[in-house]
Amino acid sequence: MVDTAQTDKEHASEFFILGVTSNGKQFRPSDWAERLCGVMSCFNPEGAGARNAHLLFSPYVRPTIVNGVKSVVVNSKLHQIEPMAMHFVKEFAKDNDLQVVDACFLPYPDDPQP
């Protein structure tokens, strides 16, 4: 049985910023996701290799592809460690009219079908 409270908690833990505007146009420049994640790379869990932070993306803001669209996945834990960083990311999406979609938790099926 799925724990509803746990599912809701996990449901709200991440969201995607899609590289598509509200009217369906592709966002430019093509490397926008990497640039945004590069700016946010210094936000890491305590003691997580701060010395090399400039070489890695933050686990809280990382680039990905969603249905063939360049995107950024943002973890809500970013707000806990730096509220202004979360504000910056959300305002970036808003200022550029980008689509924002909540991530959701999908449990693995008990019997995977081929």
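Is Leu78 buried or exposed? Leu78 is buried, at a relative accessible area of 0%. Buried here means under 20% relative accessible area, exposed over 50%, and partly exposed in between, with a 1.4 Å probe and protein chains only.

A word on the model. It is predicted: local features need pLDDT of at least 70, side-chain atom pairs count only at pLDDT 80 or more, and totals for chains, interfaces and linings use all residues. Residues are numbered from 1 along each chain as its sequence is written, and side-chain values use heavy atoms, with hydrogens and water left out.

Now the layout. The protein has four helices and four strands. Along the sequence they follow α-β-α-β-β-α-α-β. These are DSSP runs, helices being H or I of at least four residues and strands E of at least two, numbered from the N terminus. Of the 114 residues, 28% count as buried.

Next, the sheet. It is open, it has four strands in the order β2-β3-β1-β4, and the pairing is antiparallel. β2 and β4 stand at the edges with a single partner strand each, so one side of each has no neighbour in the sheet. The twist averages 30° from one strand to the next. Two strands count as paired if DSSP finds at least two bridges between them. Five bridges join β1 to β3, and six join β2 to β3.

What about β3 itself? Five of its seven residues are buried, so β3 is largely enclosed by the rest of the structure. Take Val72. Leaving out residues up to four places away in sequence, its contacts include Ile17, Trp32, Leu36 and Val61. Contact means heavy atoms within 4.5 Å.

On to the helices. α2 lies across β1, β2, β3 and β4, at about 20° to β3. α4 lies across β1, β3 and β4, at about 30° to β1. Axes are lines fitted to C-alpha atoms, for helices over the stretch in contact, and angles run from 0 to 180 degrees between N-to-C directions.

Which residues of α2 are buried? In α2, residues 32-39, they are Trp32, Ala33, Leu36 and Cys37. Seen down the axis, they fall within an arc of 125°, so they line one face of the helix. That arc is taken from the directions from the helix axis to the C-beta atoms. The face turned away carries the exposed residues Arg35 and Val39. Cover for the buried residues includes β1, β2, β3, α4 and β4.

Last, the core. The largest nonpolar core has 19 residues. Such a core is a set of buried Ala, Val, Leu, Ile, Met, Phe, Trp, Tyr and Cys residues joined through side-chain atoms within 4.5 Å. Among the members that touch the most others are Ile17, Trp32, Val72 and Leu78. β1, α2, β3 and α4 each supply at least two residues.

So back to Leu78. It sits in helix α3, residues 77-81. Not counting residues up to four places away in sequence, Leu78 touches Met40, Phe43, Tyr60, Val61, Pro83, Ala85, Met86 and Val89. Leu78 and Ser58 are 20 residues apart in sequence, yet 9.4 Å apart in space, C-alpha to C-alpha.
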